[in-house]
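Q: I have a structure open here and would like to go through it with you piece by piece. Could you keep to what can be read from the coordinates?

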Amino acid sequence: MKKRFALVAFIAQTLVTTAQTVSDNPQDSIPVKNLQEVVIEAPKVVRKADMEVYHPSKSAVENSKNGMQLLDNLMIPSLTVVDALNSITAAGQSVQLRINGRVSTIEQVRTLLPETVKRVEWIDNPGLRYNGANYVVNFIVTNPTVGGSLMTYGRQALSEKWGYYSGDAKFNIGRSQWAAGFSCRPTENIKTHRDYNETFRFPDGNSLTRTETPVDGSLDNTEGAGWISYNYIKPDTTVFYVVMQAYRNFSDRYTYRGRLSLSDGSEDIDLTDSHGSPGTTPGFSAYLEQHFAKRQTLVVDFGASLYRGHSYSDYVESVASIPRPVNDIHTYIRDRNQAYAVEADYIKNWNRSRLTAGASYSANRNRSEYVNLGGETFHQRQDKVYLFAEYFQRLGRWTATAGMGVQYNDFKFRESGKGRSTWSPRPQATVTYSPNGNHNFRLNFTSWQSSPSLSQTNEVPQQLDGFQWRVGNAALKTSSSYMLTLRYGFNLPRVSGSFGVRAFTSPDAITPLLKWESDRLVTTYENSDGLQNLSFWIAPQVEIIPDWLTLSGYIQYRAERMTGTGYRLYNHDWSGNVSFQVSHWGFVLSGQYQRAQRDLWGEKITWGEDVTIADLSYNMKKWRFSLGMLMPFGKYDQGSKMLSKWNRNEQHMRLDLRMPYVSISYNLQWGRQKRGADKLVNADASVDHSKAEGR
């Protein structure tokens, strides 16, 4: 026993002596092998039961100067970020943006310092508390380490009066933070024209084809916004946030000039078609979040907004042989509208489960004066109540979420007394199976309701051209939509993404309806017999050379059927987006191609912007310099195709967007700064307004 103890003591002493020798004499003859640096890095994409979590890489942060650029650099496959056009979409649908849970705008996302973004949550199956959002991007922002910041950004085209400018400053005093900012998008006299042709079929069987040859046209659409906010944060206890903001559309005007050739041999018609809706929308929001014992949270949000503006449409037809216009139609609607909303949610968390319950109320009070009708005024009120409860449970590799919402909608016109009120259920459920952190399967069912708008329900006739009119329908009811999605998400070496199938139906969708009334072709609205579609998609991201070259995109195929009064139509469509990014030595070269989704709604197929873009940027300390080109390839296209038996037409809106641009970003940070306020819910106080539409 003593011999064994002595042997252990000898070995221990030898090890200690050797360690001291190595430590004190690194050049000693004893061989030493240095271990390589071990870097533990979180996966770029973490697939959770209800979202995908993206952790910005060091290069993504270094190559960004604001939140918009950071989101673009993440290259989320299903997401289309067009920084130059100030747009964020996903599979052709709108995306709800949030910062620490509170609903935000693109301008507010731009004010985020990339260094403060801890992660970005991508939610493609939003729950009931998101109240019908298609997709959600939520930026989780950590406590900044500086006490103030100034962010500026400017982009200007070199060949047109088109650009974007913004600035934001934050200041901190104790637990309080003040912020102020602005944004401006000047757009003046952008050359535009449309390719347009239409064929009318009359009740007696005769038809008339009108082909429009473009002469010229222009677009003016200068916008601006400003805001000031205050937040108070007592960590883990109280969050208070208040913001005052205003948005102004200074010059909104689309003007087309063309020449109509008629199939009946009549004299050609020179036409001018102009419309727009400039106005001002100030708003106010206040938010309170209070945490209690046993992991309970109560959040309350209030919002209010006003709209003061007008909508107009001017349509003039002239022929050379007649001194006066054959059709001279002017519609001018002046709106004085307001909206109010309040929402309260209760959240209770356990170790493996969560309960969320909430209620919201919103009210719109609209006053529309039709100046072209001698100042006749119409009043409409809209009230909405939404109640919901949702429960989340984790069971090993399975998770389940189930909830029920109930929505009440009511609207009424004061002058006519017409209106409608409805109660609608909104069930939702999700089941997710995750065999490991790199793969998951998700089955999701969701539903939502869509209320008729002010323009769809107002029965005041609007003349569009020589014999086309538009009239609302006050008998419309709230429509329901249902969607079932099966999705598989995967992470492989250098490749990640998702693919799946989605089935959608809206059995009583609110759609336009064309019909002849005497010698007028009238567009009104109905609760149709419904839309059904089935879509398949794949959305990969490929790191061809890690941290150097990345490729991402999505491809979608969709088949759909629309049924309404007197028609049944089908649509088959491919859409998608592909983008690449090469980054090294502070330079970032990126390119993007987008084919917009073709949507069948009623008797019309519409599509958004088909665009291409190329951009080269260089990052130098607090600065970022970029040189880019809009539409370096192809032709800008945005348009629609009408399939009605009474009016078949096709329209392509063309803009002269093949233009180079330069942009500069600058960030300055100082002192010590508090984090921005988190906001878990957002009361929807979006104000409605009228729309005077052209042909």
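**Loops, sheets and cores**

A: Let me start in a loop: M631 lies between β38 (623-630) and β39 (637-643). This is a predicted model, and in it M631 has a positive phi of about 55 degrees although it is not a glycine.

Q: And is M631 buried or exposed?

A: M631 counts as buried, because its relative accessibility is 4%.

Q: Where else does a non-glycine residue have a positive phi?

A: One of them is S518, with a phi of about 60 degrees, and its place is in the loop between β30 (510-517) and β31 (520-527). S518 has 70% relative accessibility and therefore counts as exposed. M75, which follows α3, also has a positive phi, near 55 degrees.

Q: Before going on, what is the mean pLDDT?

A: The mean pLDDT of the protein is 86, and 90% of the residues reach 70 or more. Where pLDDT is low, the predicted coordinates should not be read in detail.

Q: OK, back to α3. How many of its residues are buried?

A: Seven of the eight residues of α3 are buried, so the helix is mostly covered. The buried ones are G67, M68, Q69, L70, L71, N73 and L74.

Q: What happens at the start of α3?

A: A side-chain oxygen of N66 reaches to within 3.0 Å of the backbone nitrogen of M68 there.

Q: Which strands does α3 lie across?

A: Helix α3, residues 67-74, lies across β3 and β4, and runs at about 135 degrees to β3. Those strands belong to an open sheet of three strands, with the order β3-β4-β5 and antiparallel pairing. The edge strands are β3 (79-82) and β5 (93-94), each of which pairs on one side only.

Q: How many bridges are there between β3 and β4?

A: Four bridges pair β3 with β4 (residues 87-90) in the antiparallel sense, and T80 stands opposite T89 in β4.

Q: Which residues touch the most other members of the largest nonpolar core?

A: That core has 30 residues, and L71, L79, I88, V95, W122, V137 and F139 touch the most other members. The element that gives the most to this core is α3, with four residues.

Q: What does W122 touch?

A: Not counting residues up to four places away in sequence, W122 touches M51, E52, Y54, I76, S78, L79, A90, Y135, V136 and V137.

Q: Now the sheet of six strands: what is its order?

A: The order is β1-β2-β8-β9-β6-β7, in an open sheet with mixed pairing. At the edges stand β1 (45-47) and β7 (102-104), and since each has a single partner strand, one side of each is left without a neighbour in the sheet. Neighbouring strands of this sheet are turned by 25 degrees against each other on average, with direction ignored.

Q: How is β6 joined to β7?

A: Strand β6 (residues 96-99) and β7 run antiparallel and are joined by three bridges. L97 has S104 in β7 as its bridge partner.

Q: Changing topic, where does T446 sit, and what does its side chain meet in a polar contact?

A: T446 has its place in strand β25 (residues 439-450), and a polar contact of 2.6 Å joins its side chain to that of Q428. At 9% relative accessibility, T446 counts as buried. Leaving aside neighbours within four places in sequence, T446 is in contact with P427, Q428, S481, Y482 and M483.

Q: And which strand holds R257?

A: R257 is in strand β16 (residues 238-262), and at 37% relative accessibility R257 counts as partly exposed. Not counting residues up to four places away in sequence, R257 touches P214, V215, D216, L271 and T272.

Q: What separates R257 from T192?

A: Along the chain R257 and T192 are 65 residues apart, and their C-alpha atoms are separated by 9.8 Å.

Note on methods:
Residues are numbered from 1 along each chain as its sequence is written. This is a predicted model: local features need pLDDT of at least 70, side-chain atom pairs count only at pLDDT 80 or more; totals for chains, interfaces and linings use all residues. Side-chain values use heavy atoms; hydrogens and water are left out. Two strands pair if DSSP finds at least two bridges between them. Helices (H or I, at least four residues) and strands (E, at least two) are DSSP runs, numbered from the N terminus. Contact means heavy atoms within 4.5 Å. Axes are lines fitted to C-alpha atoms, for helices over the stretch in contact, and angles run from 0 to 180 degrees between N-to-C directions. pLDDT is the predictor's confidence in each residue, from 0 to 100. Buried means under 20% relative accessible area, exposed over 50%, partly exposed in between (1.4 Å probe, protein chains only). A nonpolar core is a set of buried Ala, Val, Leu, Ile, Met, Phe, Trp, Tyr and Cys residues joined through side-chain atoms within 4.5 Å. A polar contact is a pair of N or O atoms within 3.5 Å; within protein, one must be able to donate a hydrogen and the other to accept it, and residues adjacent in sequence count only if both atoms are side-chain atoms.
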